[in-house]
Amino acid sequence: MPSVGTLAFDEFGRPVLILKGQDSKKRLFGIEAHKSHILAGKAVADTLKTSLGPRGMDKCMVSPDGDITITNDGATILSMMHVENEIGKLLVQLSKSQDDEIGDGTTGVVVLAGALLEQAEALLDKGIHPIRIADGYELAAKIALDHLEKISETYPLDLKKLDPLINTAMTTLGSKIVNRCQRQMAEIAVNAILNVADMERRDVNFELIKVQGKVGGRLEDTLLVKGVVVDKTFSHPQMPKQVQNAKIAILTCPFEPPKPKTKHKLDITTVEDYNKLREYEKEKFTEMIKSIKDSGANLVICQWGFDDEANHLLLSHELPAVRWVGGPEIELIAIATGGRIVPRFQELTAEKLGFAGRIRELDFGTTGDHMLCIEECKKSNTCTIFVRGGNKMVVEEAKRALHDALCVVRNLVRDNRIVYGGGACEIACAIEVAKEANKIPTIEQYAIRAFADALESVPLALAENSGFSPIKTVSDIKSQQIAQKNPRLGVDCLNKGINDMKSQSVIETLIGKRQQISLATQLVRMILKIDDIRLPGESED
Amino acid sequence: MKPMIVILKDGTDSSQGKPQVLSNISACQAVAEAIRTTLGPRGMDKLIVDKRGKATISNDGATILKLLEVVHPAARTLVDIAKSQDAEVGDGTTSVVLLAAEILKSTRTFIEDGMHPTIVIRAVRKATALATEKIREISINVKKDDAKEQKLLLEKCARTTLNSKLIARQREFFAKMVVDAVLMLDDLLPLNMIGIKKVTGGSLEESRLVAGVAFKKTFSYAGFEMQQKKYSNPKIALLNIELELKAERDNAELRLDNVAEYQKIVDAEWTILYDKLEKLHRAGVNVVLSKLPIGDVATQYFADREMFCAGRVQDDDLKRTQKACGGAIVTTVENLDEKSHQIFGTCDLFEEIQIGSERYNFFTGCPRAKTATMILRGGAEQFIDEVERSLHDAIMIVRRAVKNDAIVAGGGAIEMALSRTLREYSRTVAGKEQMIIAAYAKAFEIIPRQLCENAGFDATNILNKLRQKHAEDNIWFGVDVTHEDVSDNYTSAVWEPAIVKINAITAASEAACLILSIDETVKVPKSSSEISNAAKAMNMD
């Protein structure tokens, strides 16, 4: 009886309309609502389950426009799935906020939330009040987080020894398509972060790292440019392809006679006037070129375009130039080369020029595409990762993978405590939570035990995706962990023959894991708290 | 159905007399039913999807009723009292609706038995007066002069409010935050001086209170990244000026007949902008905030001179900055110079900080910090939205409690005390009113009853225990939700400001009286719904 309470009858037995369009509105109430939420949550989580871990599979998503995306990044999959269900949308947001904050573990967080919901279903069937389940989960999450802290290890963050950082980045990249050149990618990510990291404030400004992709070549050709790469070429084919010791004038004004912003009209009535205008324009051009020459610049980068006349003039004055460079790129170039952005020719002076040791045009295969690479800059704390790959899908996926790796390294810079991956820390927490559960006097005990079971869903999925018998593998590891008191044992996804994640160097950041557990718990609480859903009905016409 | 004589326009819905009163009562019952389960710490949330597909998850009575789109005229009264409770005290919106519906329900039998509604109304009014008087009498005043004590009191009130919300687990944390925020304000406690900013991602505990102002980085042009992002003791200019190259007048048109003048016009336009910029620079300003856009030229100008700027700052953010840092929002820079100190604001530290994936501008250590900003973190968007609503309730309660330091115990305790007083009083009254006041007294029991029902307790059992305790003059005994029992809620610090209860009881009784006094509804079809509009349109064809 889903619509009880909204339909009232008056003394003549006629129904009274209380809510607008109430007969077309859908309503789910009580335990029905809980069940439907859990089903929706589980369905979303199940989609992602197979993407978890180094042996996880990718998903292929085709957008309404026919664009194809192939990825195994949880956040990307969910956002492209266009989930309709409200609870499903919550999970999508969950994964997105993990992505925003940590950048990695977007699949894991959804799998965990799905498992928690699944466990909650059984508890609801037992007749436990949903809020008490949620309370129990939160208690358990606290135990798990405390335990995580206990088993975490401080990681040596030494700028000279990059290996530890690279190992962490490799763990992240392990599950991605780029794991063919895992090591190389990891090194790129670590170098890029260290290049821009502000070690004093433990802060990393992501806007200084640009990831550029170009189809063609092999993944192995991916490289890190300590400087800027822009998808532009010199404006004139006869300009030199390489400039050494470039002094760069960075302009945001067009290479044309200045125009007032106010609407204007120039009345030309005589031939004389016309000639004058021509003279004026010509004069302006030479003036501009002169001011650049005077400042000592030998390269011009312009945000706007310039016509052939200006182009020709620049060439004849031996000033290589680049036109139509976008705002963010201009900014990056300015930061990298230590130059200032100049809005007017009048303001161009020698001190405002940027400096780069080498600027060259890169060309690729037979496509005739060119890119401009600005290197050896004065302040080289901006960098560009230049991704190559066989096709667009690979390049895009590689970019996402690198983003994840960058995030992980950044998190380590922020907080250098780590836990071991491969499900090791989940199992360790599950053991601890299950142990603590027995000490709780109230019925929250059941929820806490359920939480422990849910935590095991991550190693279970890992084992399953790797082709092991999931239950056997996880129970083996569990017993070993207890017997050896070693929280570093996890699922040996890559069949290396050892379970110790430390020697396999499968490492995850502590803040990433913490975030996963606390976000998933919060969301599950929110879902469990809902006992009434009202949906607008389909419009009748 | 009986044949009827048509007097009014066809389709006009008119019903009258006793059946009308009774049908109105049923309608109100149906509305109360919709939010019944949200009451109390074990109350559940509702998920409501509106026509545009936006989902809201809430536990706040007023919010839910607003989204339900109630059209029944009598039932709308209940929505209105929920809204007015929300506007007046901010919390207790669910209880006010429940109470009104319960009063109606308990008087229903009298109407059915043929008692005249006005007699019922008179008795209800009398009982209300008695009840409010009783609250005033038994409420406990807490000394205001002891700042520490007052803070403790406020925190307890905030905690009671937050108890029923999604963030119940973190109530200690948020209660402290809310109280700190409110105490930072000036004596008038203006609500709009507490800014709440939401950043998805992170865990709830990462939310924080900033003594001062924080707002999201505004849209910026190239050159922004080169600006300095940290100043101590900056001079802050708050402007309402466009710092952009633009046409001075939109409809103006310049007619030039001479090429030479062309350049002059261009120069003039630049000079206008540069004058403004130079004035700011010469006045020694470090941070420029403007409500209107700050263009790329200005951004680069400021970057060149080590100044920070942000354009398109939200109006309320700018006003709060002004409150916090002092200074004035100016609409011209004409008269600025180094001497005009009072125009500029200042603070100890200005900094741009990354929070989650967003960057925020922080102004902290303000000399006149009569403003506070809460930065909320949490998983999904709906989650933070609900947290914001909960905090809003808590802030309102704390504001009320600061002004009005009389408190009563919550958890149904005060309702039981009132119920007992009124019941005892009713026995001293002769005539029909006796029964009505007794019924009114019973209506108060709905609050503890619902608390028990939502928590899954045996309501009758708990209520009997409560009645017994209250008969023994233990006036502060209420439901103890955590232990499934009754307890002294004054000592266990479940406190609510007395004013909340007074307001709720008055509003509920007034609404009940209003509904009881209606004996005829004439509903003209034109305004009733679109369907009849459509029907009319069809007739016209």
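Here is a short walk through the place where chain A and chain B meet. Keep in mind as you look that this is a predicted model.

Let's begin with the contact as a whole. Chain B brings 97 residues to it, and chain A brings 80. About 7600 Å² of area is buried between the two chains, with carbon and sulfur atoms giving 54% of that area. There are also six salt bridges across the interface. One to find in the viewer joins A:Lys352 to B:Asp304, where the closest N and O atoms are 3.0 Å apart. On chain B, the side touching chain A has 41 nonpolar, 27 polar and 29 charged residues.

Now zoom in on strand β2 of chain B, residues 45-49. Is this strand enclosed or open? Five of its five residues are buried, so the strand is largely enclosed by the rest of the structure. You can check this face by face: B:Asp45, B:Leu47 and B:Val49 are buried on one side, and B:Lys46 and B:Ile48 are buried on the other.

Who are the neighbours of β2(B)? Strand β20 of chain A (residues 530-535) pairs with β2(B) in the parallel sense, over four bridges. In this pairing, A:Asp532 stands opposite B:Lys46. Within chain B, β2(B) also pairs with strand β3 (residues 55-58), this time in the antiparallel sense and over four bridges. Here B:Val49 stands opposite B:Ala55. These two strands form a hairpin with five residues between them, and in it B:Gly53 takes a positive phi near 85°.

Key: Residues numbered from 1 in each chain as written. Chains lettered and ligands numbered in written order. Predicted model: local features only at pLDDT ≥ 70, side-chain atom pairs only at ≥ 80, totals over all residues. Heavy atoms only, no water. Buried < 20%, exposed > 50% of the residue type's maximum accessible area, 1.4 Å probe, protein only. Pairing = 2+ DSSP bridges. Contact = heavy atoms within 4.5 Å. Buried area = accessible area lost by both parts, 1.4 Å probe. Salt bridge = Lys/Arg side-chain N within 4 Å of Asp/Glu carboxyl O. Nonpolar A, V, L, I, M, F, W, Y, C, P; charged D, E, K, R; others polar.
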